[in-house]
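Subject: Structure for your files

Dear colleague,

Please find the structure below. My notes on it follow.

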Amino acid sequence: MPIKTFHLPDPNRQPPAEQRRQRALIGGAIEQRRLHGTPSDLKGTFVLDPVYRAEHEGQLRDWCATQDPRPLTIEVGFQMGEFAAAYAAQHPERRYLGFEVRKSYCETASEAFETGGVANARVALVDAREMIPRVLQMGSLDELFVFFPDPWWKPRHVKKRLISPEFVADAAQWLRPGGRLLFKSDVQEYADWAAGIFSADGHFDVERLADPQADIPLTLRERRCRYHGRPTWAVEAKRNLNP
Ligand SMILES: C[S@@+](CC[C@H](N)C(=O)[O-])C[C@H]1O[C@@H](n2cnc3c(N)ncnc32)[C@H](O)[C@@H]1O
């Protein structure tokens with residue numbers, strides 16, 4: 001049981017969805033950053049910086065293009081890229097695309113791809129919520145992974161949580177019918193809350209899975225949980241045929 005309390009927001013006291021979506025963005029809106037921000041000196045063969053390099057946004061669009069027959073997996077918040085490198089290596093038949101808002105994590109993941117000889121993976125330094133709709137053809141995504149996102153315990157921080165009704169509604173647009181959103185957490189209340197949001201959205205068939213699953217690698221956080229004997233929870237939301 002977590003020592004902290006996982007705050008459940010009152011849905012009647014929330015600002016409108018569009019306002020919530022804008023307020024949640026990390027680093028601010030892309031167009032504003034392009035006008036006023038400073039490009040980073042990002043390094044790495046497999047890293048893309050689509051906020052400041054327009055050609056990188058184009059490369060991301062190409063990476064997600066539906067002409068490529070390989071199924072596309074997107075992970076949001078890959079942190080050190082340990083899972084990313086292992087999963088992409090395990091699935092050379094897939095395209096992997098990771099999103100992170102921290103430069104050093106993108107560089108570390110790119111290095112891991114280089115070391116592991118992984119060629120079917122890319123990472124992008126940008127808030128996934130804003131970039132995915134710009135580069136992905138709606139209804140084409142095969143898998144969306146969100147593993148151990150920050151629980152943001154305090155009431156005033158709830159708006160920072162990755163899982164929200166807006167994010168889940170967007171994910172329903174991104175995934176192909178039969179595609180899946182796989183969520184994991186070591187905070188049981190977060191897993192319960194997320195499962196509730198997936199079900200309430202109406203576009204998903206939701207199932208609680210035993211964690212870890214044998215067929216995919218452990219993430220760094222998951223490995224630490226195993227080491228310390230802490231349980232983890234997994235929720236799979238499969239995109240149904242509802243329009
Ligand atoms: C707790 S860590 C994830 C742990 C990792 N997935 C694991 O299982 O070991 C959360 C990560 O998500 C990233 N993140 C949070 N919101 C994001 C967003 N909107 N787009 C991209 N990355 C995000 C943070 O920078 C952070 O590295």
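Predicted model: local features only at pLDDT ≥ 70, side-chain atom pairs only at ≥ 80, totals over all residues.

Residues are numbered from 1 along each chain as its sequence is written.

The protein chain has nine helices and eight strands (DSSP runs numbered from the N terminus: helices are H or I, at least four residues; strands are E, at least two). Its C-alpha trace spans about 40 × 40 × 35 Å along the principal axes. Of its 243 residues, 37% count as buried (20 or more other C-beta atoms within 10 Å of the residue's own, with C-beta atoms placed from the backbone).

Helix H5 covers residues 103-116 and reaches 20 Å from first C-alpha to last, close to the 20 Å expected at 1.5 Å a residue (1.5 Å times one less than the number of residues). Its buried residues include Tyr 105, Cys 106 and Phe 113. Among what covers the buried residues of H5 are strand S1 (47-48) and helix H4 (82-90) (contact: C-beta atoms, placed from the backbone, within 7 Å).

Around the ligand there are 22 residues, of which Gly 77, Phe 148, Thr 219, Leu 220 and Arg 221 come nearest (near: C-beta atom, placed from the backbone, within 6 Å). Strand S3 (95-100), helix H6 (128-135) and helix H9 (220-227) each give two or more residues to this shell; H9 gives the most, with three.

Regards

Terms used. Buried ≥ 20, exposed ≤ 12 C-beta atoms within 10 Å, placed from the backbone. Contact = placed C-beta atoms within 7 Å.
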